[in-house]
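Subject: Handover of a structure and findings

Dear colleague,

Please find below the structure that I am handing over to you. The findings follow directly after it.

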Amino acid sequence: FFFFFDEKFYALTEACSTFSNKSKRGYGVGSIIVDAESFEILAWGFRRGNLHAEQDAINMLKLNCPNREDRKLTLYSTMEPFIYRNDHGQKPCAELITEITNCKWVVIGSKDSADQRIFEEGINYLVERGKHIRLIETDEIFRPVEKETTKSEQDDGVIGDLAFALV
């Protein structure tokens, strides 16, 4: 079901990338942010100058969607998000994406195989911080590893539930 919508929204993300200026390696990047329940496109962006596509879309979301924190979001990007920035004072896009706590899924067109500092690292960064990833080029799904609870944490949960029930 969601794969159908992912394909459609990803096509729009690729359309956004046509407005992008080209990187040193010759590619443009587009990004859109969608409400995962209503399928409303809330923001879009593309690479221009030092402004990256995901950064552009996130900025638009913050400016134009006052109730963004009440929505479940999915971010689409044609390229794996950067984990570093050469220009000082700019956060990497992967970090910006993790700051959107209500964005569970990130759909990425392709890994950045042209830059070994990014290749698979952007995906790893997002997954390690709780994001679910769908990679369009290989149709792979990457999910965060669920944290195992210790016996002490399990006991705390039971005691907490019991205490709540007694109140």
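Strands (E, at least two residues) and helices (H or I, at least four) are DSSP runs, numbered from the N terminus, and two strands pair if DSSP finds at least two bridges between them.

The model is predicted, so local features need pLDDT of at least 70 and side-chain atom pairs count only at pLDDT 80 or more, while totals for chains, interfaces and linings use all residues. Residues are numbered from 1 along each chain as its sequence is written, and side-chain values use heavy atoms, with hydrogens and water left out.

Pairing within the sheet

Strand 1 pairs with strand 2 in the antiparallel sense over five bridges, and Gly30 stands opposite Phe46 of strand 2. Strand 1 is also joined to strand 3 by five bridges, again antiparallel; here Ile33 faces Leu75 in strand 3.

Strand 3 and strand 4 run parallel and are joined by six bridges. Leu73 stands opposite Cys103 in strand 4, and Met79 stands opposite Ser110 in strand 4. Between these strands the chain passes through helix 3 (residues 93-98), and this β-α-β crossover is right-handed. A crossover is given that hand if, with the strands pointing away from the viewer, the path from the first strand over the helix to the second runs clockwise.

Strand 4 and strand 5 (residues 132-135) are parallel as well, with four bridges, and Val106 has Ile133 in strand 5 as its bridge partner. The chain crosses from strand 4 to strand 5 through helix 4 (residues 121-128), in a right-handed β-α-β crossover.

Burial

How many residues of strand 3 are buried? Seven of its seven residues are, where buried means under 20% relative accessible area, exposed over 50%, and partly exposed in between (1.4 Å probe, protein chains only). In strand 4 (residues 103-110), six of the eight residues are buried. In contrast to these strands, Thr101 is exposed, with a relative accessible area of 72%; its place is in the loop between helix 3 and strand 4. The C-alpha atoms of Thr101 and Lys131 are separated by 9.0 Å, although the two residues are 30 apart along the chain.

The structure holds zero disulfides (pairs of cysteine sulfur atoms within 2.5 Å). Cys16 counts as buried at 12% relative accessibility, and Cys103 is buried at 2%.

Aromatic rings

Rings of Phe, Tyr and Trp (its six-membered ring) pair if their centres lie within 6.5 Å; planes under 30 degrees apart count as stacked, over 60 as edge-to-face and the rest as tilted. By this rule the count comes to five aromatic pairs. One of them is formed by Phe9 and Tyr76, whose ring centres are 5.7 Å apart with planes at 45°, so the pair is tilted. Because Phe9 lies in helix 1 (residues 2-17) and Tyr76 in strand 3 (residues 73-79), the pair ties together parts that are 67 residues apart in sequence. Phe9 is buried at 8% relative accessibility, and Tyr76 is buried at 3%.

Phe19 and Phe46 form a tilted pair, at 5.8 Å centre to centre and 40° between the planes. This pair links distant parts of the chain, 27 residues apart: Phe19 is in the loop between helix 1 and strand 1 (30-35), and Phe46 is in strand 2 (residues 41-46). Phe19 is exposed, with a relative accessible area of 60%. Ring pairs also link Phe4, Phe5 and Phe39 into a cluster.

Two arginines lie over rings. A charge sits over a ring if NZ of Lys or CZ of Arg is within 6 Å of the ring centre and within 35 degrees of the ring normal. Arg48 lies over the face of Phe46, at 4.6 Å from the ring centre, and the charged end of Arg129 sits 3.6 Å from the centre of the Tyr125 ring.

With kind regards
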